[in-house]
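Welcome, and thanks for taking a look at this one with me. Below are a few points to read with the structure open beside you.

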Amino acid sequence: MEYYFYLNFYIYQYYKKKQEAPLVSTLLVISLLINLNIFTLIMIYNFIIDFWTIPKLHQNYIIIIITFLSFLVIINYFLLYYKKRYVGIFERFKKQNEIYKHWNLPVKIYIISSIILCLVTLIIADLRNHNFELYFLK
């Protein structure tokens with residue numbers, strides 16, 4: 001849980017430099033990262049179970065995605081931001097900066113690898129859906 005809080009702190013520090021309301025951005029980015037990770041895991045699971053079957057999208061997939069993302073935002077809010085719980089936790093990270101400074105690289109790696117892994121699974125899914133025809137070879 002400490003690593004999750006530090007991830008929030010790291011993203012909060014980034015948005016604190018760029019925006020006046022960094023809490024909302026931090027909450028949305030964390031929820032979006034978790035949503036990407038869950039989506040990627042589901043896609044990898046589908047690749048392992050039945051690679052050649054092309055899954056069909058649910059008719060209301062946008063509503064499902066928005067509902068799930070809203071659910072993640074609510075969970076993240078109550079875990080850290082409810083009743084300003086984050087203030088004490090973020091202050092501890094600021095005061096003990098030397099102890100947690102070595103966590104910066106794993107946080108960056110987590111964020112970048114989450115995005116890259118999601119993009120790779122989307123590319124594989126797209127190629128699979130088009131029978132591995134490469135567009136640039138036509």
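**Notes on helix contacts and pockets**

1. Please keep in mind that the model is predicted.

2. Now for the geometry of that pair. Helix H1 covers residues 2-18 and helix H6 covers residues 104-129; the two pack at an angle of about 85°, and their axes are 10 Å apart. Angles of 65 to 115 degrees count as roughly perpendicular, so H1 is roughly perpendicular to H6.

3. H1 has another partner to look at, helix H4 (residues 85-95): H1 and H4 pack at an angle of about 85°, with axes 10 Å apart. H1 is therefore roughly perpendicular to H4. On the H1 side, the residues that meet H4 are Glu 2, Phe 5, Tyr 6, Asn 8, Phe 9, Tyr 12, Gln 13 and Lys 16. Their counterparts in H4 are Arg 85, Ile 89, Phe 90, Arg 92, Phe 93 and Lys 94. The contact of H1 with H4 divides into 7 nonpolar, 2 polar and 5 charged residues.

4. Next, the pockets. Which residues lie nearest the centre of the largest pocket? They are Phe 39, Ile 42, Met 43, Leu 57 and Ile 65, out of 21 residues in the lining. This largest pocket has a volume of about 680 Å³.

5. Where does the lining of the largest pocket come from? Helix H2 (22-49), helix H3 (61-81) and H6 are the elements that give two or more residues to it. H2 gives the most, with 8 residues. By class, the lining of the largest pocket has 14 nonpolar, 4 polar and 3 charged residues.

6. The second largest pocket holds about 380 Å³ of space. It is lined by 18 residues, and the closest to its centre are Tyr 10, Ile 11, Tyr 14, Tyr 15 and Ile 111.

7. To finish, the elements giving two or more residues to the lining of the second largest pocket are H1, H2 and H6. H1 supplies the largest share, 8 residues. The lining of the second largest pocket is made up of 12 nonpolar, 3 polar and 3 charged residues.

Definitions and conventions: Residues numbered from 1 in each chain as written. Predicted model: local features only at pLDDT ≥ 70, side-chain atom pairs only at ≥ 80, totals over all residues. Heavy atoms only, no water. Axes fitted to C-alpha atoms, helices over the stretch in contact; angles between N-to-C directions. Helix = DSSP H or I, 4+ residues; strand = E, 2+ residues; numbered from the N terminus. Parallel < 35°, antiparallel > 145°, perpendicular 65-115°, else oblique. 1 Å grid on protein atoms, 1.4 Å probe; cavity = no way out; pocket = protein on both sides within 12 Å on 5 of 7 lines; lining within 4 Å. Points joined across faces, edges and corners; volume = space filled by probe spheres on them. Nonpolar A, V, L, I, M, F, W, Y, C, P; charged D, E, K, R; others polar. Contact = heavy atoms within 4.5 Å.
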